[in-house]
Amino acid sequence: MTLLVILLTTGAPTGAAASAPPPTAEDLQVWQTKMEKVPEPSAMGCFTARYPAVTWREIACAAAPDTPMEPRTTEPTPLVVGGGEHLVAESPTGSIYRAAGTFEEVMDVEAVRSQIEAGGPDVANAYTLQLNTNFFDTSLCNPNSPGCQGWQQFIFANDGTSGLLFIEYWLRDYAAFGDPTPCPDTWSTSTSFGGGVSCYKDTPATPVAANTSIKLMEKFALTGDITGAETKVTFTPDNGFTLYQHSGAKILDVGTDWKQAEFNVFGYGNGAEATFNEDASIRVRTRIDYGGTAAPLCATAGFTAESNNLFQIGFTGAPPPTAPGPALVFQQKGGMGLASVNCDEALTVGDTHQVTFAGLLYDFQASGDFVEAQVGTDFEVQSRKVSGAPTWPNTSLNRSAGVRMGSTTVAVCDGSRLFVNGASAVMPPGGSVTLPSGVRIQRAGNIHHVRDASGNSMRVELRGPYIDLHVGLGRWPTTVRGLLGNPGNDPRRLEARDGTQFVVPSTFNAQFFNFLYGRFGPSWRVPASSSLLAPCSQVAPGNPTAPFFARDLPSGLRLSAESRCRQAGVQQAWLESCTLDVAVLGTALAAAVYVGRVAPVVDGNRPPAGCSPAGGCRGLDRPFDSD
């Protein structure tokens, strides 16, 4: 965990203390690790500690909030963070015994608000941090309700005035509506979510000093621990200088059934949304301890009914393990419109830039129908690319896209016409439908989004004469084949349909060009008999006769397009792709897809030494070799 160093502000130091240096991040981490082993004054209760004292101080507990933090409904609320739509860290082996959530690279977070009472007004700086287990079986469930499951939450709840730290337990779907079976003694009843009667029970709560501003969230850390005889939840609002803890009896014991951990900032109970200002951007880290060091698996799941208004962008992949446990990291941002929650995302945008699931960027300027992504036998995405001729004959654009999810097929033709299982369908802006197969189709303005029950998705955005195509995965790591796949998830390699592999060179060269259009691309062409895009406008298949990059544009046009990309806020890693798009497509709107996007892991378009906008790249101006 990365901890930032802050100075104590309890007054000017004097004497020996004046010469003591402030603690480093490592000092604070060592202290927190020690505190995990320091016994509390009593087995159960509310406690606090302050660096550098290696002792817990017992404080008076308070009552937990009256507002329950509800479990999700049967069907997730799509395309928002939370509400059953979330990324969770899954143990690759064994079970989780401790998990922690933190926030990194917090940018432009100015405010948050949430309802506290159902139907009531939004309250400034009201929110919850939730670290949630997966649902699990428990003997406390009603035997007459086969869908009943247990659930456990570690919660910090800030109501805009003060904060409380506690644990909430659930018996989800304890009874169906109309079933007279009451909740167990001392448990409260909820009928708001889940399609039936659920029961919940809170521990006493540890009071946290005053109103904790969301602007400080980069300093927050929330930890849940089930290793001992008691279950513990710990929260720090200030990078670890101050710890708050509640230790209580195991009202429900998830034990070895804790396989997935969900962490984020959510609304204040009753399924409420935490609403951030539009420019907010947050990176979320969920760390799990399960006895191993391998990176956690990612799953598109989610357990809480609460949500926030942010959207996930540019999943960062599996980061290196962070002591004392590996972590799952993802980015979320406001103002993104219709977006997916994906464990990993690949895209093919502009004219035509491919970014694979493993993070390889390369240009692919052929025309025709291609397999973009293929996962097993139940998920396949195809694109139809059209040549930029006659003006730009060595470029291509995405015109249409189709997806097969199990037995269901959906095609978005020419960016706007929708076909479901081969039949024309109408989806007005703002419309949505869930098919019997579980496939959900939504439209927001010029965006069509298709998602299956496993979390795999296709997002098609119409941008004038072309589309941008995003493909999302519900689990990662996953073996993906096609133009957006890499064998072994290695961003340095591409694989033809017959298994032939090619190592992407450190700089673009003639051999890479020949492989792309002589073997790799042709192998992933889709024959008419297998096309998902039969209802769409037809295009002629073809290949470029030479590579074409921004450095090959006329100088004046290149400089003008590059300037427009810089003005839009496009970073250096995407400047070449953006410049080509703005120049060829003739609109600055082409820059939008690159703003705020995480840099590719490998840039397959990197020019060789000696390339220049003025002189081009010698040796790359010939047709590919057919053999």
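Asp173 sits in strand E10, which covers residues 163-176. This is a predicted model, and in it Asp173 has a positive phi of about 55 degrees, although it is not a glycine. Asp173 counts as buried, because its relative accessibility is 15% and the cut-off for buried is under 20%.

Asn239 also draws attention. Its phi is near 70 degrees, a positive value in a residue other than glycine. Asn239 is found in the loop between E15 and E16. With a relative accessibility of 2%, Asn239 counts as buried. Why do such angles stand out? Most residues other than glycine have a negative phi, and most peptide bonds are trans.

## Cis peptide bonds

Now to the peptide bonds. The bond from Tyr51 to Pro52 is cis, and its omega is near 10 degrees. Pro52 lies in the loop between E1 and strand E2 (57-59).

Another cis bond joins Ala389 and Pro390, with omega at about 5 degrees. Pro390 belongs to the loop between strand E28 (379-388) and strand E29 (392-405).

## Salt bridges

Side chains of opposite charge can pair when their charged atoms come close. How many salt bridges does a search of the whole structure find? The search finds 23. One of them pairs Arg50 with Asp238, and their closest N and O atoms are 3.3 Å apart. This pair links distant parts of the chain, 188 residues apart. Arg50 is in strand E1 (residues 45-50), while Asp238 is in the loop between strand E15 (231-236) and strand E16 (242-248). Arg50 is partly exposed, with a relative accessible area of 35%. Asp238 counts as buried, at 14% relative accessibility.

Glu345 and Arg597 also meet in a salt bridge, at 3.4 Å from N to O. They too link distant parts of the chain, 252 residues apart. Glu345 is in strand E24 (residues 344-349). Arg597 is in the loop between helix H5 (575-585) and strand E41 (602-603).

Arg558 and Glu562 form a salt bridge within a helix, at 4.0 Å from N to O. Both are in helix H4 (residues 555-567). They are separated by about one helical turn, because they are four residues apart. An α-helix has 3.6 residues a turn, so residues three or four places apart point the same way. Arg558 counts as buried, at 13% relative accessibility. Elsewhere, salt bridges that share partners join Arg98, Asp225, Arg287 and Asp289 into one network.

## Helix H3

Helix H3 runs over residues 510-523 and has 14 residues. From its first C-alpha to its last, H3 reaches 19 Å, close to the expected 20 Å. Where does H3 bend? The bend is at Leu516, by about 40 degrees.

H3 is mostly covered, with 10 of its 14 residues buried. Among them are Phe512, Phe513, Leu516, Tyr517 and Phe520.

## Cavities

Rolling a probe the size of a water molecule over the atoms shows where empty space is left. The structure holds three cavities of 30 Å³ or more. About 70 Å³ of space lies in the largest cavity.

Which kinds of residue line the largest cavity? Eight are nonpolar, one is polar and one is charged. The lining includes Asp363, Gln365, Phe508, Pro544 and Phe549. Phe513 and Tyr517 also line the largest cavity, and both are buried residues of H3.

Note on methods
Residues are numbered from 1 along each chain as its sequence is written. This is a predicted model: local features need pLDDT of at least 70, side-chain atom pairs count only at pLDDT 80 or more; totals for chains, interfaces and linings use all residues. Side-chain values use heavy atoms; hydrogens and water are left out. On a 1 Å grid over the protein atoms alone, a cavity is a set of points where a 1.4 Å probe fits but cannot get out, and a pocket is an open set with protein on both sides within 12 Å along at least five of seven lines; lining residues have an atom within 4 Å of a point. Grid points are joined across faces, edges and corners, and a volume is the space filled by probe spheres set on the points. Ala, Val, Leu, Ile, Met, Phe, Trp, Tyr, Cys and Pro count as nonpolar, Asp, Glu, Lys and Arg as charged, and the others, Gly among them, as polar. A salt bridge is a side-chain nitrogen of Lys or Arg within 4 Å of a carboxyl oxygen of Asp or Glu. Helices (H or I, at least four residues) and strands (E, at least two) are DSSP runs, numbered from the N terminus. Buried means under 20% relative accessible area, exposed over 50%, partly exposed in between (1.4 Å probe, protein chains only). The expected span of a helix is 1.5 Å times one less than its number of residues. The bend at a residue is the angle between axes fitted to the seven residues ending there and the seven starting there.
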